[in-house]
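I opened the notebook today to look up a few things in this structure. Here is what I went through, entry by entry.

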Amino acid sequence: MVTVIRQSHAKRFLGTFAICAVTLGAAWFGSSWPAYADTKAESKSPAKASDAKKTEAKKTEPNKAEPNKTDKPDKKSVDTDKAAAEKNAPEKGAEEKAGAEKAPKSITLKEAFATGSSDVLIQFINEKVRQGWIENNIEPSPVADDGEWMRRVYLDIIGHVPPVEDVEAFIADKDKAKRTKVIDKLLDDPAYVRNWTTIWANLLVGRGAGNANMGGPQRRAALQKFLRESFAKNRPWDAVVRDLVSAEGRYDQNGAVNFLMAHLNDGAVPATAMTAKLFLGLQVQCTQCHNHPFNEWKQNQFWEYNSIFKQAREVTHQKYDEKTGRMVFDYAELVKQEAEGPVFFERRNGLMQVAYPRYEQYEIKPDADTNRRQEFAKLITQGERTQVADAMVNRMWGHFFGYGFTKPVDDMGPHNPASHPELLEKLSVEFVKAKYDQKQLIRWICNSEAYNLTSKMSPKNEVDNPANGERPKFTHMYVKSLSAEQLYDSLIIATNAHKSGRSNWEQAEQQRRMWMQQFVVAFGTDENDESTTFNGTIPQALMMMNGELVQNAISLEKGGYLRSVLEDKGGDDEKVKEMYMSTLSRVPTKKELMAAKMVIAGGNVQGLVPKEAKSAKASGGAKAGKGPKASKEANNAKEMADAMEMANAAKTANAAPKAAPVKTPYDGYQDLFWALLNSNEFIFNH
Amino acid sequence: MSLIVPEGMSRRHFMQHMATSVAAVPGLQFLSHLQANAEVVKKKQKACILMWMGGGPPTIDIWDLKPGSKNGGEFKPINTAASGVQICEHMPETAKQFKNLSIVRSMSTREADHGRGRYFMHTAYVPNPTVIHPTFGSVVSHELGSKRPELEIPSFVSIDGGSESPGFLGMTNAPFVVGSNGDIRNAGGGEFDANRLNNRFAMLDVIESGFIGSKRGEAPQSHKDVYKRALNLMTSKQMEAFKVNKEDPKMLESYGNNAFGKGCLMARRLVEAGVPFIEVNLGGWDLHANVFDTLSNQRLPVLDKGIGALTADLTARGMIDDVVLVWMGEFARTPRINQDVGRDHWAASWSVMIGGGGLKNGQAVGATDKDGLSVEGQAYLPGDIWATVSHALGIPLDTVYTSKNGRPMKIANSGNPIKQLIG
């Protein structure tokens, strides 16, 4: 049965994209979702084709692709060879091939790695994840070593890489329960509050600066204050959600109102979609105009949700600014207006329809006295299994593993079955029992066996690659990109700026936001939606290669990180090791150490740089001591020790075309540090 | 120029020489791929310029007016250079160019949420949780960019907007997002020290190769590829193409000295440099209120000048038959005018403009009913628009991609080129 459902699901996706006239059978619904079926069973089950009714969707467009048939075993991401795609069409896909083999051999699993936590739920998690490995006949990667795991758990829980001394202390710690201890320590770290405040502020109102005339920055700050207090007190998540959905009052007195106020435009259509997506894990945007193509959600459901917000109204007050003679932002408030009755929406055939407020089977009185948002907030957080808990568990799991039980994490529902439905259900129920304790949820996840595995794939689990669209099996950690905020904060930690007193978190927060605006691109709509050009793009690479942030990080300024490393005792080996630990939380390999020392010696041209390059520099005076960067560097250099100063003076003299390039050994250290910060290993959380 | 080349030596030669002589640090060879001193591309190369109207423009007020209908609004139609084709009175410059432009008046696209519509119109596919489809600029980048080895700057540039994801085509085909002022942040001003840049990249390569070799998926390799592109860009003369402010002020003025105009002008410069796909963004179309004032006073004058000047300029330079122009947003707006004198989201019946590219231009394809509420006759999907573009660019329509999970996907979601346009 389960198998049948999964199969029809796959076909349906393939069959219809644009034409959405599919009504799915009731089998898709009910209290529990289709159980997870492994891909082998799916492709070999003879029962799969029997349920013809459910595959109708495919038939509606016979010219569309056949499912799962043209998969090459050694598939590359894109098949550029057009002929090859057709040629390979009859070949069976990798999954099918695997499925064509006999019943799964039992794989041998060692006893699950234990972090030291005694919570019984962790055992349940491990069992359910392992069940997926066994069913798919794949083996987990080994446990991550201490450095790899420390870097990961710091980035995930508190949003930046660990300081060197923390890594060293951790490696030296012989306590078997040391990983559990670190998790608990990080959950109590002030940076935990900051990290989750950032994450949720970005989700709730985006990264954009907002309209200054309308108090954009102040509103964001007030929302952050609300979040900060919530995470600092570890308030139950259901209470936070109720506040965000039902808040009233002034933007600065009740920071929670700033979420909805950012989305109340356009008849609260954005507020409807955002509330469903963020708190319920449901993407209902498309149902504002038509019934959901892939499941039973109907257009009226979107508008039923929408009518919840009918009483919500933003009032913005302006005041006269004597200095400029203009009206400026004074304050904004979210008020309950005396609205009653339904909202109206237009069907695709042009007919107008009405929608009354309700959530699932519960109707909310449509009179003016009933506070619809308060009622809605209660309804979505009542009971032992709630969509609010499901959504949070899924999002959290996705945060820590890079993939949730569904992809994307906020598009849950029968059309997108979870990879581990029983695990999701259990975690959700336990999360509710634990009074929506976010820290407890994090403990469960971080103490699980899967979270402690290395990100290196093994030949036995290479197929577990959700980037290819497969459902995740969590046999190894998936590599995640650092967010802009994580990168920024990690640079501060890696360069010890947090200790020098040059930068406190408050300042860093502001600087970070300013810096980040370069990566935020608005879509030009009324909904203030935006994208970021941060991850893996050329602008990001250019920023890392040449931007001020990294220039500062590698500067030789007095009191700066690099200078302190250089002034420390110890030879090149120790200095290189220190730089590796602070950026990558590991020591260099032999090969890396050799290369690093060559780069450090770069000024003396020990086989690294050919003569032509030198002459290039000499003849052109490429650096030539001009330009702001060069002069800044020269300024910094003046503060350096005498020897350094002389060397730099010589470098400046290099402006004369014929002067021979005199390098300081410090250039090499800068170049090494530059390379470490620019490396894929630094920019990825693995 | 940044990397200084010894006299009597091309930079390519220089780099290759360098690479071979630093065998001590492996993997430096990619620096040798720097394309040095590439000839300015003179030959006619195909390209597409997408003018993206973020927010959803009211095409009933621009391309498909309904005088006499209750939905007709405030504007009057005017004749264009194409006989029988009328457009909005606030688009006079564009109207003059209609020998080289066309309208498809029978789009019916269903998705009227910003995010979903944006995805659908850019990719020809509706959003789907199991796969991320490439935005069409990435498709063109993948198809044509790879055949232009002399191109040192990215083969897909998006001006003043982010387009959509390159999806399964990977980050090397991602839109390079720039501002219409032409400043490329952190690309440097030529003060790179060749020695140090090489040292840095040599060391970087050691670290990156180690990480790639440790088998952690595709992202680490992709990071390295993107760095190579960034370095290419940093050291390229083709960066000049972005410097739109170096144009003759008169030229700048003709495009409208504003962000959209500069974007259109930069697009023409980029086409000349060999970039096959440029997306120029003009936002602010989400006109739920006060639609007519906003259009006549703000949006349309900007739009009209931009399209008019770009089309005229491409024609004057003999490029118009090689460059396809596409104008669209994520959807259009309701024929019905709401109580705030605005129009809301509408995807059932609307218009896209297309032009140039050697298409049979000067016509309006398809029609909507008298109130603009539904399409009469055949309706078109974004895949049909992109198939038409593919045809004009010479990209075979039987091109099939295989997504990472092994699913074959025909280019433009199996759309068909619009017959009236391809003759």
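How many helices and strands does the secondary structure of chain B come to? I noted first that I am working with a predicted model. For chain B I found 11 helices and 16 strands.

**Entry: burial and contacts in chain B.** I looked up burial next: chain B has 423 residues, and 65% of them count as buried. I then turned to contacts between residues at least 6 apart in the sequence of chain B, and 72% of these join residues at least 24 apart.

**Entry: domains of chain B.** I found a division into two parts: domain 1 covers 44-185 + 242-422, and domain 2 covers 193-234. Between the C-alpha centres of these two domains of chain B I read a distance of 36 Å.

**Entry: a sheet in chain A.** I moved over to chain A and looked at an open sheet of 3 strands, in the order E1-E3-E2, with antiparallel pairing.

I followed E1(A) to its partner, strand E3 (residues 326-336) of chain A: the two run antiparallel and are joined by 2 bridges. For A:Gly249, I wrote down A:Leu334 as the bridge partner in E3(A).

Methods: Residues are numbered from 1 along each chain as its sequence is written. Chains are lettered from A and ligands numbered from 1 in the order in which they are written. This is a predicted model: local features need pLDDT of at least 70, side-chain atom pairs count only at pLDDT 80 or more; totals for chains, interfaces and linings use all residues. Domain bounds come from an automatic or database domain assignment. Helices (H or I, at least four residues) and strands (E, at least two) are DSSP runs, numbered from the N terminus. A residue is buried if 20 or more other C-beta atoms lie within 10 Å of its own, exposed if 12 or fewer, and partly exposed in between; C-beta atoms are placed from the backbone. Two residues are in contact if their C-beta atoms, placed from the backbone, lie within 7 Å. Two strands pair if DSSP finds at least two bridges between them.
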